[in-house]
Amino acid sequence: MDWDKAANDIVVLCGDVGANRLDRRLSNPVGELTSRSHEFTQRWAVYHVKYHRTGCKALRYRAVGGLDLGFETLALPATSSLSFLAYYPVDDVARERLRLLENWAATKQRDGRSEDLLGQT
């Protein structure tokens, strides 16, 4: 995984704070990260607001390992504050791991287990 890209993507996600300054669910985590992480504070200070409509997210789950998902953002014309985000596997490995994760989660639900279904690490 590209650590710098992943760290910068988190700052990009926090960029929603600018458009929703009164929403404490967004501003509180940014404040906490700023007070606890020198690295976050540096990245936040040089962050330039931009809207990411497409890209790739690298995730890691205990159940299946690494999972690379591409994404596309679709604007919803009825509102400027909402959009639809579609994720998709970027290759055959990701497609297979996504199927495994889906089957694993379905088995957990069927068995009535209450543990974290995704097990993201």
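This dialogue covers the sheet, the helix across it and the salt bridges of a predicted model.

Colleague: What are the ground rules here?

Modeller: The model is predicted, so local features need pLDDT of at least 70, side-chain atom pairs count only at pLDDT 80 or more, and totals for chains, interfaces and linings use all residues. Residues are numbered from 1 along each chain as its sequence is written, and side-chain values use heavy atoms, with hydrogens and water left out.

Colleague: Which order do the strands of the sheet take?

Modeller: Strands of a sheet pair through backbone hydrogen bonds, in parallel or antiparallel fashion. Elements are DSSP runs numbered from the N terminus: helices are H or I with at least four residues, strands are E with at least two. Two strands pair if DSSP finds at least two bridges between them. Here three strands form an open sheet, ordered β1-β2-β3, with antiparallel pairing. β1 (54-61) and β3 (83-89) are the edge strands, each pairing on one side only. Ignoring direction, neighbouring strands are turned by 35° against each other on average.

Colleague: How many bridges join β2 and β3?

Modeller: Seven, in the antiparallel sense, with β2 spanning residues 65-75. F71 stands opposite Y87 in β3.

Colleague: Which helix lies across the strands?

Modeller: Contact means heavy atoms within 4.5 Å. Axes are lines fitted to C-alpha atoms, for helices over the stretch in contact; angles run from 0 to 180 degrees between N-to-C directions. Helix α5 (residues 92-110) lies across β1, β2 and β3, at about 95° to β2.

Colleague: How many salt bridges are there?

Modeller: The rule asks for a side-chain nitrogen of Lys or Arg within 4 Å of a carboxyl oxygen of Asp or Glu. The count is three.

Colleague: Where do D92 and R95 lie?

Modeller: Both are in helix α5, three residues apart, about one turn of the helix. For accessibility, buried means under 20% relative accessible area, exposed over 50%, partly exposed in between (1.4 Å probe, protein chains only). D92 is exposed at 61%; R95 is partly exposed at 33%.

Colleague: Which residue forms a salt bridge with E96?

Modeller: R99, with the closest N and O atoms 3.2 Å apart. E96 and R99 also sit in helix α5, three residues apart. E96 is partly exposed at 39%, and R99 is partly exposed at 43%.

Colleague: How are E32 and R36 placed in helix α3?

Modeller: They are four residues apart in α3 (residues 24-36), so about one helical turn separates them. E32 is partly exposed at 42%, whereas R36 is exposed at 68%.
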